[in-house]
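Subject: The structure we talked about

Hi,

Here is the structure I promised to pass on. Have a look at it below, and then read on for my notes.

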Amino acid sequence: MKNIICLMSVIVSLSAFADTQAERDEKLIRDLELQGELTVEPAKTKKLTINHSSANRIDAVVTDEVVTDEVTEKSATDKFTPTRIVKVVLEKQQSAESIANELGLELVSGHDGQVAAFKVSENQNILDAVATLKAHAGVIAVKREQVMRLNRPQ
Amino acid sequence: MTRINKTILPLVSACLVGFSAHSDAQRYSDLFVDEQAYRDSDPLFFMQWHLQNTGQAAEAKNTGDVGNDINTTQAHVKRRILGESVNVAVVDSGLAIVHEDLIDNVLPGRSRNYIVGAADPTDPTPPRTESGGDHGTSVAGLIAARGFNGLGGRGVAPLARLMGFNWLENQSYESWLETHGGVGVTDDARIINQSYGFSPIWPVPFDSADNLQEEAHLANVTRRNNNGRGIVFVKSAGNSFSRLSNPASAFTFVREGTATGPLPWWCDFIPNDPRCQGSTTYTPDIIFSADARDATKTQAQSLPAQVAASEPSNASFYHTTISALSAGENSVEGQGDGDLLSSYSTVGASVWVSAHGGEYGEDNPAMVTTDIEGCNAGYAKTAATAAFNDGTHPLNTDCNYTSTFNGTSSAAPVASGVFALVFDANPNLSWRDAKDILAKTATKIGSNFKPIIVDTGLGDFVAEPGWLRNAAGYNFHNWYGFGRIDASAAVAMALSPNYRPLPAVQVTDFIPAQAGAASQIPEGPNGVAQAIVVRDALTVEAVQVKLSIRHGRDADLAVELVSPSGTTSMVLTPRSMYILDQGEPVERELQEALGTQTDFNDTVFLSNAFYGENSRGTWTLRVTDTNSGEFTFFGFERETREFTEITTSNNSRLGSITAASLRIYGH
């Protein structure tokens, strides 16, 4: 008899635990719904594809839009667009202005610091400009800007 | 030649401002003559519990707590400080510049639309086809919806001047520069509100070319703009207390026990069993912490899935990070448990103060603010919405307002509004003075918080200590910063002749830990400590810690900093969702584009807990591996709405600190 009572109480408590867990999960899912994170729209699902213009180098990541009935994910990172802005970290004694003059680049920011951003004009080859900056003795690091919608409202 | 004693100049200036405000007591009498008229002059004001909490429900099921508000009434009614002299930039998704309750506060021609090919580059109003609300329009309403005009509710600074920038629709560096103090665009803003962010699942390097550009620019504009008084960059802490999204599906995980050959015979009957899955990898859309899904734990017993400083901008001295508060205490078995933090709010030692962001407006109150006008757009179009939004409510028949806005997205603009009041009260204050005033006047809340302890497997570890009182006498909590903002107290201090502005900021270099210190991180609660000697005697405003660590499971790590005065700040709470190192390697292209990594490399955290202390002396940095057993978290898929438990085994080798340093900002 004692065993039966014991077994019953175990079943009841397990059942109560399952109910509590279900409630917690429902709450988490409801919060997602209220934040618009689970919006189901018979619309377009964005898929990440990567275009390579040359071996081992990313040129652009673009999105293909596919009409589906699936949930639409408003991914913040579904698109990477390279621009003509090049960001650099400079050696301590290096002047960004002198590099801009030397290479014929427009100085966008960094007039008085250890970092600078240059704009490469349309009549210059962006890849050549990046390579030249990488090879420059006064430059520590170079990164071509890729615009991505990484930041989201929060 | 007359010699002026520079030490009394700030006092004279403050006195003049104070007299001016005092003698102008009947200012704005055309808008409201007394407190009754003040309350009655905007039809939705009575719902705006964050301004004056009378226990309203704001169309939710439950009410808030009387008095749990930012206390604007004295500042508005008695001091007559409404923010009119202050320009605020809203960098967001857009701004409906002709909204009936915003138009009179919008600076004509000063906004920007960054969408390529926009018909009017000075109009960031979102298109009418927008489904869901326009985030920026609702954010702007919390700062400066026009007050006393018989329309809608009102902002915290109901006469402040607004500029809107839909930078989130573009996110290029050039437009970032314009919107963050750029010459001729936002250089005359005193406040820039940034209700956006990014929730990385890996430790981000602070010294990336991207981040260093932003830091250099912010250092410049905070020093030079507005005649050297700078700009306050207000930043939302994030909405990642319990979950984070999986950016670009970067995290994939091999399921243990998944089928590699023919499926077992019984899979026809139990197809969802992991051993019956054809694929061996799993890619969640959203990642939940174990505590979030633990039905036995309340929020006050849970560790956050992320600390705010995981995102580099929230580890920056130049941003003021705001966490979010609910309208009422979290209810446990019908009783308030003292926890006022919004259920979603990211927290951490880089939080400055807390302000209201509400809940979801269904069970518990959300924020009442402006929405895109009309019932065919805005939050009225959102599927999961409240009746207030959809045109059936008598006070919102045109669907121009919402009662379901929330997030640290709301807390940041509430704080921005208070900053606007402070600058309106005393335009001579610098951005750091205004921060100082908000810290000094904040209200300590959640005082019955109990430390959160984790079992390391080798002993208990206090993972979230709660309130501390530092050696300079400031109370600080990783969840609430210096406490809940008090607008009227802040305005009173801004007007006070006794307030002494801060001297110019001084910044040390990153000072490395002493050579030869132990670096291996043992399992268990004791951790490894390294000493860092600071010789500069500054009054601390903030401290940054820069770390490089090799470790097989980043989520185990806790990082504490102890000041020479003995104050301990938990700068990284353990069980954070730094889980990328537990998944499959990230594709190289994605790795480069997102800057992902699986170890700490020049990762920076910031703590405000040492505010006012002396920097000189020996600081101690302690890194602890708080988990010697398995680690569990949960993936969630939108399509199936299923949670998947992910359990990882302990790191096979002990981790080690490869570099540690700290930097003091102070005066």
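How much area do chain A and chain B bury between them? The figure is about 5,100 Å², with 53% of it on carbon and sulfur atoms; buried area here is the accessible area (1.4 Å probe) that two parts lose on being put together, summed over both. Arg24(A), Asn151(A) and Gln154(A) supply 16% of what chain A buries against chain B, more than any other three residues.

Before I go on, some housekeeping. This is a predicted model, in which local features need pLDDT of at least 70 and side-chain atom pairs count only at pLDDT 80 or more, while totals for chains, interfaces and linings use all residues. Residues are numbered from 1 along each chain as its sequence is written, chains are lettered from A and ligands numbered from 1 in the order in which they are written, and side-chain values use heavy atoms, with hydrogens and water left out.

**Where the chains meet**

Chain A brings 49 residues to the contact and chain B brings 60, where contact means heavy atoms within 4.5 Å. Between the two chains there are 25 residue pairs in polar contact, both residues at pLDDT 80 or more. (A polar contact is a pair of N or O atoms within 3.5 Å; within protein, one must be able to donate a hydrogen and the other to accept it, and residues adjacent in sequence count only if both atoms are side-chain atoms.) On the side of chain A that touches chain B, helix 1 of chain A gives the most, with 11 residues. Helices (H or I, at least four residues) and strands (E, at least two) are DSSP runs, numbered from the N terminus.

Strand 7 of chain A pairs with strand 4 (residues 196-197) of chain B in the antiparallel sense over two bridges; strands pair if DSSP finds at least two bridges between them. Pro153(A) stands opposite Tyr196(B) there.

**Salt bridges**

The whole structure has 23 salt bridges over all chains, and the count between chain A and chain B is eight. The term means a side-chain nitrogen of Lys or Arg within 4 Å of a carboxyl oxygen of Asp or Glu. Glu33(A) forms one with Arg641(B), the closest N and O atoms being 2.6 Å apart. Arg293(B) and Asp25(A) form another at 2.8 Å, N to O. Arg293(B) lies in helix 7 (residues 290-293) of chain B and Asp25(A) in helix 1 of chain A, so this pair joins two chains.

**Disulfide**

One disulfide turns up over all chains, defined as a pair of cysteine sulfur atoms within 2.5 Å. Cys375(B) and Cys399(B) are the partners, S to S 1.8 Å. The torsion about their S-S bond is about 85°, so the disulfide is right-handed.

**One loop in chain A**

His111(A) sits in the loop between strand 4 and strand 5 of chain A. Its side chain makes a polar contact of 3.0 Å with that of Glu97(A).

Best wishes
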